[in-house]
Amino acid sequence: MWRDSLLVAGKDLRIEARSRVGLSQVAPFGVVALVLFAFALGPDRVLMAKGAPGLFWVAVLFCTVLAVQRSVSVESVDGARDGLRLSGLDPAGLFLGKAAAVAAQLIVLEAVLGVGVVLLYGAKIEVPWLIVASCVLGTVGLAATGTLYGALSAGLRVRETLLPFLFLPIAAPVLLAGTRVWQAGLAGGTESYGSPWLRLLVVFDAIYVAVGIVVFGPIQESA
Amino acid sequence: MSSNQTVSTPPAPSDIPPAPSDTRPAQSLRPPAQSARARWTTRIIGITALVATGFTVWLGLWVTPPDVTQGNLVRLVYIHPGVAWVALYLAFGLAAVSSLLYLWPRTRSLFWDRLAAASVEVGVVFNVCTLISGSIWGKPTWGVWWAWDARLTSTAVLLVLFLGYLALRRVPAEPEVRAKRSAFVALFAAVDIPIVHFSVLWWKTLHQGATVLNANLSPTIHGSMAWTLLLGFVALTLVFVWMLLVRYRIGVLEDWLGTGELDVALRERQAEGAAIDEDEAA
């Protein structure tokens with residue numbers, strides 16, 4: 001399972017490294033979203049710094065949709081999905097690999113957006129470990145749920161419109177918890193306030209990674 | 001894919017002459033029969049639901065007294081918790097269980113799929129009613145139509161999740177494929193709801209605690225109000241069951257129509273072919 005997942009993650013990341021869709025489209029989209037949020041809130045830097053945690057995570061959520069769409073669409077041409085199924089790779093490994101590739105891209109993206117939030121909104125990071133922990137845990141949850149829904153919507157012609165509708169409400173707890181942890185980790189927050197939310201993220205990750213490992217095979221059969 | 005292969009639109013079923021070459025019994029042109037017992041069960045439950053709802057309205061609006069602190073506003077309590085019970089526990093619980101039973105290989109049957117679909121659809125209606133009745137109560141009591149409290153928020157998220165389920169069901173697919181896909185989505189949503197609930201529970205909670213199902217299970221209201229509240233639960237549960245049965249039957253008919261239409265189109269083509277043969281012969 002682990003070897004298979006490394007193979008699949010390596011394949012997806014190689015495709016990304018060669019096509020640079022994430023770097024040239026998804027990351028700039030995230031930055032555009034940050035700029036648009038700033039326009040929506042007006043030039044008040046105090047307000048922007050206050051809203052920074054939520055805006056960061058909303059931007060991450062939107063970018064996750066794009067990254068998952070991309071992760072699905074690389075399999076949708078040339079019968080790649082059937083090829084993967086024929087390859088004899090363990091479905092659980094396939095799930096972990098696809099999710100890991102999405103997660104790796106999201107981590108890079110979050111670094112870009114994090115710098116954007118600090119520079120554009122004037123957010124001051126007081127407790128770096130909280131910020132990093134929330135990003136890592138949130139990313140695992142988003143990648144796992146995103147990959148699951150991506151696989152479910154893989155064969156659908158209405159994939160582009162249906163995926164955000166199905167995925168974003170499911171990811172609501174990540175947005176909630178991630179935002180709270182960021183509030184705790186930025187200037188003016190209380191450090192101890194973050195830990196229950198980190199636990200919530202751990203529970204969310206554990207549940208959906210486990211669900212994904214169990215059901216990814218059956219889902220692929222139905223797509 | 002098969003719909004793309006039919007070039008012309010078929011005429012209404014009544015216009016189609018029976019194909020002379022087709023000697024099969026026209027079984028699939030008639031809707032699948034419903035047993036007399038099923039028909040009567042549905043009817044009796046429907047009538048009971050109507051009577052119980054009527055009694056609840058009468059008791060709730062005329063017989064019971066207004067509340068000491070809330071005045072006439074308390075009368076919403078006869079509807080709102082009942083609707084919420086149906087929407088949040090009964091309908092979506094049933095949908096989750098039947099989705100699970102569909103996915104379980106030993107109990108896999110389209111029966112569970114249709115039951116889940118009917119349950120979600122009726123549940124969505126009740127969910128919307130929960131939010132509306134809650135808003136009507138919230139405006140005079142809390143001063144706002146909407147409060148970001150734990151239960152309100154998780155109810156709203158639940159609604160969005162199951163609207164997604166219904167959207168997915170509308171995507172054309174083979175019944176088995178659709179059933180499997182929908183069952184997965186229902187299960188993911190069911191897993192998410194406790195997480196959503198606990199995460200929003202840590203916000204400041206405005207909603208009052210559970211009145212009937214509190215920790216020691218002793219109702220904190222008494223007399224005619226308690227009985228009306230209880231009757232409201234029964235009435236709304238009956239309404240739910242009746243709507244579920246009717247919706248299930250509609251689901252059966254829809255599936256029949258899906259296959260029946262193809263059959264009608266086939267017969268029409270065969271009739272055309274026969275007519276051309278006759279022309280050539282003449």
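Q: How many residues of chain B are in contact with chain A, and with how many residues there?
A: This is a predicted model, so keep that in mind as we go. In it, 21 residues of chain B are in contact with 22 residues of chain A.

Q: Which helices of chain B supply at least two residues each to the side that touches chain A?
A: Look for helix H5 (150–169) and helix H6 (175–201) of chain B. H6(B) gives the largest share of that side, with 13 residues.

Q: And how do the residues on that side of chain B divide by class?
A: You'll find 16 nonpolar, 2 polar and 3 charged.

Q: Now chain A. How do I describe the way helix H3 and helix H8 pack?
A: For two packed helices, you give the angle between their axes and the distance between the axes. Here, H3 (residues 45–76) and H8 (residues 172–185) of chain A pack at about 145°, with their axes 8 Å apart. The crossing is right-handed.

Q: Which residues meet there?
A: On the H3(A) side, find A:Pro53, A:Gly54, A:Phe56, A:Trp57, A:Val58 and A:Leu61. They meet A:Leu175, A:Gly178, A:Thr179, A:Trp182 and A:Gln183 in H8(A). By class, this contact has 7 nonpolar residues, 4 polar and no charged ones.

Q: What about the average for chain B, and the scores for the complex?
A: Chain B averages a pLDDT of 81, and 82% of its residues score at least 70. For the complex, the predictor gives an ipTM of 0.86 and a pTM of 0.81.

Note on methods. Residues numbered from 1 in each chain as written. Chains lettered and ligands numbered in written order. Predicted model: local features only at pLDDT ≥ 70, side-chain atom pairs only at ≥ 80, totals over all residues. Axes fitted to C-alpha atoms, helices over the stretch in contact; angles between N-to-C directions. Helix = DSSP H or I, 4+ residues; strand = E, 2+ residues; numbered from the N terminus. Left-handed = near helix turned anticlockwise from the far one by under 90°. Contact = placed C-beta atoms within 7 Å. Nonpolar A, V, L, I, M, F, W, Y, C, P; charged D, E, K, R; others polar. pLDDT = per-residue confidence, 0-100.
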